[in-house]
Amino acid sequence: MMWSCAFKAAAGAMLAWLLFSSPHAWAQAAPRTEISFARFFGSCEADFGSVTDPALATGECGIITALANRFNATNTDGIVLRPQVIEHGSYYNQLGARIIGRDLPAIIIMHSSVLSDFARRELLEPLDEGFQSVGISSADFTPQAERAVNIGGRRYALPFDTHAWLWHLNHNLLKQAGLVNPDGSVLVPRSPQELLAQARRFKAATGKPYFIWLTVNDAPFFARTLMTLVHQQGGTLFPKSPTEIDLRSREVRDALELMQTMYNEGLASHGHDYAQGIRAFVAGQGAVMVNGTWLIGDLNKQATVRGSALERGYATLPFPTLFSQPAMWADNHVMAMLKGGTGNPAERRAALLFLKFLYDEGGAWARTGQLPTRQSVLDSSAFRALPFRPALVPIGQFGAGLPLSVARQSRVASILGDGVGSIILHGKPVDATLARAERSITQLLQRESQFSAGRLLAPAKP
Amino acid sequence: MNARVHPGRWFDHLILAATIALAVLWMLPLVWVLLLSFKPNALLMERTDILFSPPFTLKNYGDIFNTSLVFRWIGNSCIVALGQTALVLVLSSLAGYGFARIEFRGRKWVFAAVIAGLAVPQTSVVIPLHRMFADLGLHNTYAGLILPGLAAPFGVFLMTQYFKAIPKDLEEAALLDNASRWTIFVRVILPLSLPAQATLGIFTFLGAWNDYLWPLMSATRSEMYTLSLGLASTQSNFAQSEGLGFLMAQAVFAAVPVLVLYGFFQKYIVAAVAGIGAK
């Protein structure tokens with residue numbers, strides 16, 4: 001009897017629950033214009049849930065949370081912004097599923113390196129008219145930011161920041177090795193020969209590798225470094241078309257040779273993954289860590305820790321020009337609008353007003369370490385007053401990734417990085433390995449070209 | 001006189017020692033995770049090998065509890081995991097009984113089709129499932145989170161095999177007492193299948209509790225996140241370097257309910273893993 005009742009009750013209760021769990025059970029009453037904003041960067045309500053002044057927040061999560069709070073608190077158009085926070089690693093998986101399921105957020109954050117994949121599939125709204133309607137001036141975008149969102153003459157997103165490849169420096173160790181100028185500034189190498197000479201001198205003086213490299217499970221490290229060195233020689237990985245990579249150029253060989261020499265001579269660290277690499281740098285196991293702008297805040301904080309290897313000895317600068325022209329890998333966080341993501345003109349207007357708000361608040365985000373995408377902010381005294389920022393201004397002009405016309409950039413970088421890594425770390429034959437990487441990437445891009453229809457292809461220049 | 005130990009016992013001791021050593025080795029990462037969860041993130045950015053010496057902090061756990069939605073996420077996980085478990089038990093028992101005891105045309109083929117479902121990975125059906133649920137407007141609902149887990153071929157298989165092993169004499173005796181098929185199922189068969197139900201229930205609960213992929217696809221409003229999804233959403237982009245302690249605290253926090261469940265149902269879980277079914 002007891003079993004019968006329990007079984008029926010369980011079955012009945014669950015069926016009733018499912019029947020009454022209506023799709024809109026959790027929908028909030030929305031008397032005002034509500035727009036959703038899908039983003040990563042984590043959620044940190046514990047610390048910044050009620051902060052509406054970005055100046056009082058720290059870190060990417062804190063500042064983006066404070067910006068959203070500020071928009072909700074200050075906009076006079078009755079707009080309610082609903083952030084939807086997704087873990088970074090799963091972000092694009094979920095976004096893809098949401099697009100297929102037509103469960104579209106009004107505004108999405110994405111990387112400029114994937115922007116063209118979405119634009120190519122006609123999933124994004126061109127925003128030029130929208131920008132004009134709310135007063136966003138693309139003339140103020142930095143050259144790098146403009147390249148990052150302009151596809152075939154149309155802008156598909158608001159550039160939110162530029163993040164780039166830097167040299168993070170342990171000034172204390174460099175000083176110990178005598179690699180500083182008489183004025184105390186760091187002696188920056190200006191050629192591959194100078195770099196090798198300085199790195200050898202450093203190792204002889206300290207017994208430590210000059211570079212901390214991220215060599216384990218970090219294909220992007222090698223891809224970004226290779227791109228940087230190739231661009232500095234005036235080369236490009238896609239000289240003929242956006243579907244045909246060329247890894248046999250002299251520029252690629254010279255870049256590889258330099259990296260191989262550094263690694264084989266022990267001038268770069270061995271066996272560090274991303275997190276271990278940072279730990280090694282913070283612990284003073286090497287003088288220079290090649291990593292991104294996003295670490296400036298954390299590393300600068302370490303420089304204030306008493307007893308730290310970085311104590312009063314952290315500095316950073318854009319990847320130095322070792323060849324004929326300045327260039328450093330760069331990517332962007334951009335804000336885009338999916339087609340159909342806003343249900344009516346009021347929501348569309350609300351989404352554009354939020355973009356305008358972010359455009360106006362570009363300086364606040366710069367405190368994360370990422371660079372502003374507006375020239376006027378880059379040139380502002382407030383920005384230049386932030387630690388190390390004046391030195392980073394050239395990134396706004398010379399930062400470059402793969403051309404936007406190249407599809408599937410994340411996958412391309414992954415294949416490229418794996419190939420370069422296997423040559424440098426495992427001594428795989430250069431010609432055969434590069435040829436294999438070339439084949440894989442070209443096949444990938446030719447498959448992808450079915451989505452391009454020739455409409456969005458821009459010149460394949462970095 | 002008895003100083004000599006039988007060689008077989010030496011071997012037993014050796015096996016025991018090796019087992020203990022392997023168990024300790026296996027436990028080390030878990031202990032490491034637990035200890036790191038009490039360390040300040042700033043320190044962990046520099047080194048992760050100071051496990052037993054200060055400083056210690058509860059801030060990582062405080063940050064979890066201060067996330068306003070964390071208890072909502074726990075509630076959601078409970079609803080989804082318990083709901084899915086209850087329904088899987090109901091459906092698998094009914095289907096299993098049907099396959100084990102009721103003759104109908106095409107039974108073997110239908111059973112084979114159900115079992116074939118074991119070979120279909122979850123990831124391969126995510127997109128069509130997502131589209132279907134979107135058309136039905138079921139995303140961001142409990143129904144949307146629970147229903148996909150109800151297709152449980154393993155449960156049907158397990159219950160079918162278990163019911164087949166129950167002597168038919170018991171049912172025939174009940175039939176002689178004029179019991180209906182439903183009464184026999186509920187009052188005779190189900191109580192006898194408690195060990196199998198427990199095994200299936202535990203595995204279903206653990207699967208639902210730990211599931212990440214489907215909630216990620218279906219729950220896009222943070223108030224509908226499950227615990228695993230919600231905790232992941234709080235991670236910064238470079239959590240492994242700048243928020244390692246918080247990451248470890250999240251892992252511990254998410255595991256606690258499962259560990260509690262394990263404490264209560266250890267007997268059944270061990271039996272289930274051993275593949276023998278508790279008697």
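Select K356(A) and D360(A): their side chains meet in a salt bridge, 2.9 Å from N to O. A salt bridge here is a side-chain nitrogen of Lys or Arg within 4 Å of a carboxyl oxygen of Asp or Glu. Both residues lie in helix 14 of chain A, four residues apart, about one turn of the helix. Helices (H or I, at least four residues) and strands (E, at least two) are DSSP runs, numbered from the N terminus. K356(A) is buried at 19% relative accessibility, while D360(A) is partly exposed at 44%. Buried means under 20% relative accessible area, exposed over 50%, and partly exposed in between (1.4 Å probe, protein chains only).

This is a predicted model, in which local features need pLDDT of at least 70 and side-chain atom pairs count only at pLDDT 80 or more, whereas totals for chains, interfaces and linings use all residues. Residues are numbered from 1 along each chain as its sequence is written, chains are lettered from A and ligands numbered from 1 in the order in which they are written, and side-chain values use heavy atoms, leaving out hydrogens and water.

Next, select R70(A) and E361(A), whose side chains form a salt bridge of 3.0 Å, N to O. R70(A) is in helix 3 (residues 59-74) of chain A, and E361(A) is in the loop between helix 14 (345-360) and helix 15 (362-365), 291 residues apart.

Move to F41(A), which has a positive phi of about 85° although it is not a glycine. F41(A) is buried, with a relative accessible area of 1%.

Finish in chain B, where the peptide bond from P54(B) to P55(B) is cis, with omega near 10°.
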